[in-house]
Amino acid sequence: MTSTRGRRLRPVWAYGVAVAFLVAATLVSALVGAADLNPVATLAALADRIPFVHLPSSLDSLDRAVLFEIRLPRITVAIMVGGLLSVAGAGYQGVFRNPLVDSGMLGASAGAGLGATLAIVYLGSAGPSAVPVAAFAGSLAGVAIAYLSGAVGGSGTTTLLLAGVAVGLFLTAVQTYVLQRSTQDLQQVYSWLLGSLSGATWQQAGEIAPYAAVSVAIVLLHGRQLDVLSVGDEEARALGTHPGRVRLIVVAACALAAASAVAVSGLIGFVGIVVPHVVRRLAGPSYRLVLPLSLLTGAGFLVLADTLARTVVSPAELPIGVVTALVGSPVFVWILRSTAAVRT
Amino acid sequence: MNAIQVSGVTVELDRVRVLHAVSCAVSSGGWLALIGPNGAGKTTLLRAVAGLLPHRGTIRVDQTDLGALRGRGRARLIAYLPQVPVLPPDLTVGEYVLLGRTPHLGYLSAPGRADRRKAAEASEWLDVARFAGRRLGSLSGGERQRVRLARALAQEPRVLLLDEPTSDLDIGHQQQVLELIDDLRHRRGVTVVSTLHDLTQASQYAGHLVLLAAGRVEAAGLPAAVLTEDLISRVYAARVTVTTDPAGHPVVTPRREPPAT
């Protein structure tokens, strides 16, 4: 057991595998779907968009519209959401030195759920268009409340996590109450809660792009700082770093990343836990590798999950949160069992 | 010249005064052992010197007032190894030793070739380079202490603060680790301040002892001056006999009174 756990991919191979996985997932997703696009023509049309490459393609204008206005924006949003959730999950895990922490913790998911529910229930016809903003704001507000209630007097990470649990339960209780008072909105709220990329557009991708870029850049730059944190606050301070400051910056950036994802996708669980875990198994625990590899792998994972979500019961769609949980839960149990086997 | 000069250091933890105006000093390249019963304030003093606790009084390292230094500047002078370390089990020895370069790196910069070389040198010095690829979780107690010392050495400190460096080790590995520390001191000019439970080992390895009791300096000086039967029985409430080993170091032997019949 010990020897297999000790065996790791070299960084260059790990990056190679992650990039190949993302590219393969993207191509599969571009080729599969309700509209039966000719694979060769589709690949040619895609290649034609690469600068300096000019390929004739036999796709007609309708097929082109399906490819470039429906599938590609959806793939792009899936890439962004998967990458954001995974990086946020990995970042939180580093900050809290706890592998079971997810991107939705610290009140982020509960806050987003409450925000979206309030928008749908109280804003009437303006509701649906306000949901992304409301979810984004609710998610950030949830984390802010949890952080402010938990970060008293330099107390440890456990206090912060517990505060996150308390704030999450509180916000969920409020959300349940609001929802129970207006059962006619149940369907709409629940389909949002379960997550979906069915409405993904280029505009959505453009809207979250600045937040995504800034938050991911900040988290990725803190990989080494998170490695230092892994030896505990006391020794991290003795090495000249400021754990509290690093924690605040990374939590803020992860909250922004998760909120950007939630705004366009609804709640998608398990990605933020499962992806960094798989990456750790392949490449080791250093956050200088775990963070960028989680970004790539998470993106590929969500593209595949979304492809399943829109094809398995076609023409209907599964909520993507259901797909990630169906894949994620068994993987998670496997991780727990194999980790327990090593510890004992 | 004194490498470390502690003057009137007072520390309060949870509003309880744990150290009362403690003063002590150790010269450059020396080894100062802090001894005393449990709860005397040994670890607190080490943590204060490491800059991890708010305190009154002044601490100087090579004439530099630590109060004037920020985190990284302080960490370039002082390496601190707590008694119970957090060792991420899946991190490799090489990665862990490289963390010692942290105080020499900018906030967002990555370790460069020079940092890797220094970490490799430190690993060679403590003979852990041969298992640089092993996970921390797979190390034995003795290997673990050597790896931690390698990380501290990669930090290139002037002062090494060690809290009970030999706890959890068998007697052979205790001596091995203490010899390694002594070697660092002699050949790299590092000044060592450590807490040590074993009084005989303290007398054999440290040139200077400070006996703390209830947060105050009870005695300080050469081992022979501090390790007296009177002082030890009073401060520790212990029954001991003090003899002298062939090299002239005091040896403290616990003594059991025959049970009353």
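Chain B of this predicted model is divided by the domain assignment into domain 1 (1–62 + 158–261) and domain 2 (84–156). The C-alpha centres of domain 1 of chain B and domain 2 of chain B are 26 Å apart. Where the two touch, domain 1 of chain B supplies nine residues and domain 2 of chain B supplies eight residues. On the domain 1 side of this contact, helix α6 (residues 171–188) of chain B gives the most, with five residues.

Chain B also touches chain A: 21 residues of chain B are in contact with 20 residues of chain A. On the chain B side, the largest share, four residues, comes from helix α2 (residues 71–77) of chain B.

The table sets out two contact sides by residue class.

| Contact side | Nonpolar | Polar | Charged |
|---|---|---|---|
| Side of chain B that touches chain A | 13 nonpolar residues | three polar residues | five charged residues |
| Side of domain 1 of chain B that touches domain 2 of chain B | six nonpolar residues | two polar residues | one charged residue |

Chain A has 15 helices and zero strands. Its C-alpha trace spans about 65 × 55 × 35 Å along the principal axes. Does the radius of gyration of chain A agree or disagree with that of a compact globule? A compact globule of 344 residues would have a radius of gyration near 20 Å, and chain A has 21 Å, so the two agree. Of the 344 residues of chain A, 52% count as buried. Taking contacts in chain A between residues at least 6 apart in sequence, 75% join residues at least 24 apart.

The largest nonpolar core holds 178 residues. Which of these residues touch the most other members? They are A:Leu84, A:Ala257, A:Ala258 and B:Leu161. Helix α4 (residues 61–96) of chain A provides the largest share of this core, 15 residues. From chain B, the core draws at least three residues from each of domain 1 (1–62 + 158–261) and domain 2 (84–156).

Apart from its neighbours within four places in sequence, A:Leu84 is in contact with A:Ala212, A:Val216, A:Ala257, A:Ala258, A:Ser260 and A:Ala261.

As for confidence, the average pLDDT of chain B is 92, and 100% of the residues score at least 70. The model as a whole scores ipTM 0.91 and pTM 0.90.

Notes: Residues numbered from 1 in each chain as written. Chains lettered and ligands numbered in written order. Predicted model: local features only at pLDDT ≥ 70, side-chain atom pairs only at ≥ 80, totals over all residues. Contact = placed C-beta atoms within 7 Å. Helix = DSSP H or I, 4+ residues; strand = E, 2+ residues; numbered from the N terminus. Nonpolar A, V, L, I, M, F, W, Y, C, P; charged D, E, K, R; others polar. Rg over C-alpha atoms; globule rule 2.2 N^0.38 Å. Buried ≥ 20, exposed ≤ 12 C-beta atoms within 10 Å, placed from the backbone. Domains from an automatic or database assignment. pLDDT = per-residue confidence, 0-100. Core = buried A, V, L, I, M, F, W, Y, C linked by C-beta atoms within 7 Å.
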